[in-house]
Amino acid sequence: MIAPEARRTGVASALVHTLSCDVDLSAASGARWLDAVRRYCPPQVDPWIWVAPDTDDAPAMVGWGEQARFTAHGHGAAEKAFTAYSSWAAEHPDAAPVAFGSFPFSRDADGFLVVPAVLLVRRHLGESTVVFGADSPQLHRRDGDLPVIDTLLLDLDADQWRHAVTTATTRLSQDSELEKVVLSRSVSVRASAPMDRGLVAARLSGKFSGCWTYCHDGLVGATPELLVDCRDGLFRCRVLAGTRKPSWSHELLHDPKEHREHELAVASVTGRLAEAGLSEPAVRGPFLLELPNVTHLATDITARVTTTNAAHIVDVIHPTAAVCGTPRELAYQLIEQTETIDRGRFAGPVGWMSPDGSGQWALALRCGQFSPDNQSVRVHAGAGIMPSSDPDKEWIETRAKMEAFTSVLEG
Ligand SMILES: C=C(O[C@H]1C=CC=C(C(=O)O)[C@@H]1O)C(=O)O
C-alpha cells in the first residue's frame with residue numbers, strides 16, 4: 001500500500017523517523033544534501049547512494065548495511081531479482097522501502113538488488129529526511145580529504161586501443177548488417193591510502209549536478225544517461241550518443257557521423273517501447289547536453305506505462321546502442337571478441353526499485369569500480385565506433401569521459 005504522499009517518488013511505506021540535523025536539509029540541492037547526509041554513515045562502512053538531478057523530483061538516498069540481497073543473471077535478470085525482492089518485501093513491511101540495484105554489462109555475471117539495513121531518504125525536494133532501520137543515527141564526522149594518487153596505469157595502451165578500434169571499423173565497413181559498436185577501455189588508479197567512496201560520490205554530485213550520482217557496492221559515478229525512470233504511470237529516459245569536448249560542441253549538430261551514431265542509439269530504445277509495454281511516446285531531440293568535461297547529443301523520450309515495472313523495461317531496453325551497438329546481438333558479440341578488459345558493471349543498469357515496481361535506472365557511465373580495500377579504483381569509458389571513426393579521436397574522447405571521475409580524485 002503506497003502512502004499518498006509517496007506516489008510521485010515511488011518510495012512507499014510508513015515514515016519511521018525524521019532525521020534531526022542541525023541544518024535544514026529539506027530545500028538543499030541534491031549535492032548539498034548528499035554531502036551532509038553521507039556523514040551519518042558509520043566509520044569503515046561504505047554507503048549506498050542515489051542522488052538524481054534536482055529537476056527530477058526523485059528521492060535522494062543514503063543507506064548502509066544489507067538486510068537482503070537478490071541476485072540474478074541472464075536474460076530478464078532485473079525482473080527475476082525484482083520478483084524475488086517484491087515477494088520478500090510483502091513479508092517485511094518494516095524494511096527500508098527501496099532496493100539499490102546494479103547489473104553488469106555481460107549477461108553471464110550476476111547483478112543484484114540490495115535492501116539496505118539503514119536508509120536515510122528525502123523523498124522530494126522540500127521535504128524532511130526520514131530514517132528507516134535505525135532510531136537516530138549519529139553524525140560521524142567525515143571531514144577527511146582524499147589521499148594522494150600514487151599511480152595511474154593504462155589497462156590498454158594507445159596502440160592496443162588503435163588495434164581494437166581498427167578491427168571494429170574494418171568489420172563495420174565489411175559487414176553490411178553491422179552499423180555501430182561501442183568499445184571501451186579502462187585505467188587503474190592507486191592511492192596512498194583508502195579513498196572514501198561517499199566523499200568521491202559527493203564531489204561528483206557537486207560537479208555534475210545534472211547527472212545521476214550512485215555508489216553501489218564499490219561502483220561509484222555520476223552518469224548523464226538515464227535508462228529507465230518509471231514512476232506514476234510515466235516512463236522517461238535520456239539517450240546520449242555523439243560527443244565533443246566543450247570547445248568543439250558546435251560541430252556536433254552538423255556532423256553526419258555523430259548524427260547517425262545518435263540516431264541508432266535513439267532507435268534502439270524507440271524500437272523496443274511496445275515490447276516494454278510503453279505507448280504514446282514523445283521524442284524530444286537531439287539537443288546539446290553540456291557537461292563540464294564533454295558535450296553530448298541528447299534525446300529525451302517519455303511514454304505512458306501500462307504496468308509499473310521498471311525492472312521489466314530495463315530488461316527489454318538494455319543494452320541500448322549507447323553502450324552496445326547496432327544491431328544489438330552482432331555488436332554484443334563483437335564487443336566480446338574485441339574487448340580484453342571485463343566491463344564488470346560499467347555500462348550496465350544502476351539504480352533503485354520500490355516493491356510496487358517504480359524505480360529509476362541510469363547507465364553506469366563516468367564511473368570507477370573500487371577495490372574492496374578502497375585503495376584502488378578502475379575507471380572505465382567507452383565510445384561509439386562507426387565505420388569512419390578515427391582511433392586517435394576516440395582515444396581523446398574516452399580520456400575526456402574518464403576525466404569526469406578522475407578529476408574529483410585529486411586534492
Ligand atoms: C559509453 C560511454 O558513453 C556513451 C554515452 C554518451 C556518448 C557516447 C559516445 O558519444 O560514444 C557513448 O555512447 C561512456 O561514457 O563510457
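Two residues are in contact here if their C-beta atoms, placed from the backbone, lie within 7 Å. The structure is a predicted model, in which local features need pLDDT of at least 70 and side-chain atom pairs count only at pLDDT 80 or more, while totals for chains, interfaces and linings use all residues. Residues are numbered from 1 along each chain as its sequence is written.

The protein chain falls into domain 1 (4–132) and domain 2 (149–193 + 229–406), with bounds that come from an automatic or database domain assignment. Taken over C-alpha atoms, the centres of domain 1 and domain 2 are 24 Å apart. Across the boundary, 29 residues of domain 1 are in contact with 26 residues of domain 2. On the domain 1 side, α2, β5 (99–102) and β6 (111–115) each give two or more residues; helices (H or I, at least four residues) and strands (E, at least two) are DSSP runs, numbered from the N terminus. The most comes from α2, with 7 residues. By class, the domain 1 side that touches domain 2 has 18 nonpolar, 8 polar and 3 charged residues. For this count, Ala, Val, Leu, Ile, Met, Phe, Trp, Tyr, Cys and Pro are nonpolar, Asp, Glu, Lys and Arg are charged, and the others, Gly among them, are polar.

Now for the chain as a whole. The protein chain has 8 helices and 21 strands. Its radius of gyration is 20 Å, close to the 22 Å that the globule rule gives for 411 residues, so the chain is as compact as a globular protein of that length. That radius is taken over C-alpha atoms, and the globule rule is 2.2 Å times the number of residues to the power 0.38. Along its principal axes, the C-alpha trace spans about 60 × 50 × 40 Å. Of the contacts between residues at least 6 apart in sequence, 75% join residues at least 24 apart.

Next, the inside. Buried residues make up 53% of the 411 residues in the protein chain; a residue is buried if 20 or more other C-beta atoms, placed from the backbone, lie within 10 Å of its own, exposed if 12 or fewer, and partly exposed in between. The largest nonpolar core has 126 residues, and L34, I49, V228 and V239 have the most contacts inside it. Such a core is a set of buried Ala, Val, Leu, Ile, Met, Phe, Trp, Tyr and Cys residues joined through C-beta atoms within 7 Å. Helix α2 (residues 77–91) provides the largest share of this core, 6 residues. Both domain 1 and domain 2 put at least three residues into this core. As for V239, leaving aside neighbours within four places in sequence, its contacts are A265, V266, V269, A298, T299, I301, T320 and A322.

Helix α6 (310–317) is worth a look too. In α6, 7 of the 8 residues are buried, so this helix is largely enclosed by the rest of the structure. The buried ones are A310, A311, H312, I313, V314, D315 and I317. They pack against α2, β13 (226–231), β14, α5 (256–270), β18 and β19 (359–363).

Then there is the ligand. Of the 16 residues around the ligand, L240, T243, L365, G382 and G384 come nearest; a residue is near a molecule or strand if its C-beta atom, placed from the backbone, lies within 6 Å of it. Strands β14 (234–244) and β21 (376–385) each supply at least two residues of this shell. The shell splits into 8 nonpolar, 5 polar and 3 charged residues.

A cis peptide bond joins G285 and P286, with omega at about 0°, and P286 sits in strand β15 (residues 278–290). Another cis peptide bond joins H318 and P319, with omega at about -5°; P319 is in the loop between α6 and β17 (325–326). Q44 is not a glycine, yet has a positive phi of about 65°. Q44 lies in the loop between α1 (30–37) and β2 (48–51) and counts as exposed, with 8 C-beta neighbours inside 10 Å. A347, also a residue other than glycine, has a positive phi near 70°. A347 is found in the loop between α7 (328–338) and β18 (349–353), and with 28 C-beta neighbours inside 10 Å it counts as buried.
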